[in-house]
Amino acid sequence: MDLSIRPRRLRGNESIRKLCRETRLSPDSLIYPIFVDETLTGTRPIPSLEGQLHYGLDSVGQAVEDCLAHGVGRCILFGLPEHKDATGSSAWDEHGVVQEAVRLIKRSYPDFYVITDVCMCEYTDHGHCGALCGHSVDNDATLELLAKTALSHARAGADMVAPSDMMDGRVAAIRARLDEHGFQNVPILSYSAKYASAFYGPFRAAAGSAPSFGDRKGYQMDPHNWKEALKECALDVEEGADLLMVKPALPYLDVIRECADAFRLPLCAYQVSGEYAMIKAAAREGLIDEHRVMCESAVSIFRAGANMLITYYAKELADAMRKGEIG
Ligand code: PBG
């Protein structure tokens, strides 16, 4: 055969394959989700998320130690409050579960980077992401609640806040509130393109945040749309977001690519609970190799253009990167 171009030359051995990798990964790009339960002492396995734990306030240090042991230096915190009500008032309680968890972590591990999820759904008794007006979420009334919540997180010492509610105007409202109180340097990671996805099921079971009626289609995005994702990101940029996010990740790689190409801000992807649970379940059935599918999924998300990844696999992925299996 007279073949002058042979792509296989660049695949001949592990060394040249590693040399020619187009996507470089680092544990520095990983963020680990930590669930803190105000009513819990110690830890408890999360039934819907095999291999993940709920942490009591007394054991968040253990969660951090575990991350650090794997070279993961960043987390996003989710709170399970003791008390829920119609407006989600525990969300902005100065001594709420997330606020206390942040204080505890930052006291012992000042260099461990703590991002807080800002949303109402874990705190409202109806499970929606804001205050209700009849049976729908009142956008403008909710902005005040989100701004108060984000401010209370910053006061507790959060390094970054991440609004995940999908209300219109929330980035501007949070930016203004943080700035008014001297938190100009706390960045906002906006869940910009967050879809109304069935992939959040295991998270809602873990966080006790499933809506008690209806669904989130009135505020989260329709999975059919990608131009709308660009519109949401553009609005967040205008409102002062520092980082953008696409969520979920693997079923939305096209959206990640579009947003990576269109915007000059760091782009985060969230490999959500259902993506993780599917890999776990298929591996348990002996259908796939969990480690390799985990690695390939993460590589795909970064290849699509994500600069960072929130994932329940953060610790295992960091190990794989360090061993040179990926990255
Ligand atoms: C809060 C929030 C959710 C997730 C992250 N923040 C749930 C939801 O929107 O219903 C989902 C994360 C996951 O599935 O891993 N609004």
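**Helix packing and the ligand shell**

Modeller: Let's start with a pair of helices: α4 and α5 are oblique to each other. This is a predicted model, by the way.

Colleague: At what angle do the axes of α4 and α5 cross?

Modeller: Roughly 45 degrees, with the axes coming within 9 Å. Helix α4 covers residues 139-156 and helix α5 covers residues 170-180. Their crossing is right-handed.

Colleague: And which residues meet there?

Modeller: From α4 you have L143, L146, A147, A150, L151 and A154, and they meet R170, A173, I174, R177 and L178 of α5. Sorted by class, the contact of α4 with α5 has nine nonpolar and two charged residues, and no polar ones.

Colleague: OK, what about α3 and α4, how do they cross?

Modeller: Those axes cross at roughly 20 degrees and come within 8 Å. That makes α3 roughly parallel to α4, since angles under 35 degrees count that way. The crossing of α3 and α4 is right-handed. On the α3 side the contact uses V98, Q99, V102 and R103, and on the α4 side S152, H153 and A156. The classes in the contact of α3 with α4 are three nonpolar, three polar and one charged.

Colleague: Which helix does α2 pack with?

Modeller: Helix α2, residues 60-69, packs with helix α3, residues 97-108. The angle is about 50 degrees and the axes are 9 Å apart, so α2 and α3 are oblique to each other. α2 passes α3 in a right-handed crossing. V60, G61 and V64 of α2 make the contact with A101, L104, I105 and S108 of α3. Five residues in the contact of α2 with α3 are nonpolar, two are polar and none is charged.

Colleague: Changing topic: what surrounds the ligand?

Modeller: The residues around the ligand are D117, C119, C121, C129, S164, Y200, F203, R204, S209, V272 and S273.

Colleague: How does that shell divide by class?

Modeller: Into six nonpolar, three polar and two charged residues.

Colleague: Let's zoom out. How many helices and strands are there in the chain?

Modeller: The chain has 11 helices and 12 strands. Its radius of gyration is 20 Å, close to the 20 Å that the globule rule gives for 327 residues, so the chain is as compact as a globular protein of that length.

Colleague: And what box do the C-alpha atoms fill?

Modeller: Roughly 75 × 45 × 40 Å, taken along the principal axes.

Methods
Residues numbered from 1 in each chain as written. Predicted model: local features only at pLDDT ≥ 70, side-chain atom pairs only at ≥ 80, totals over all residues. Near = placed C-beta within 6 Å. Nonpolar A, V, L, I, M, F, W, Y, C, P; charged D, E, K, R; others polar. Axes fitted to C-alpha atoms, helices over the stretch in contact; angles between N-to-C directions. Helix = DSSP H or I, 4+ residues; strand = E, 2+ residues; numbered from the N terminus. Parallel < 35°, antiparallel > 145°, perpendicular 65-115°, else oblique. Left-handed = near helix turned anticlockwise from the far one by under 90°. Contact = placed C-beta atoms within 7 Å. Rg over C-alpha atoms; globule rule 2.2 N^0.38 Å.
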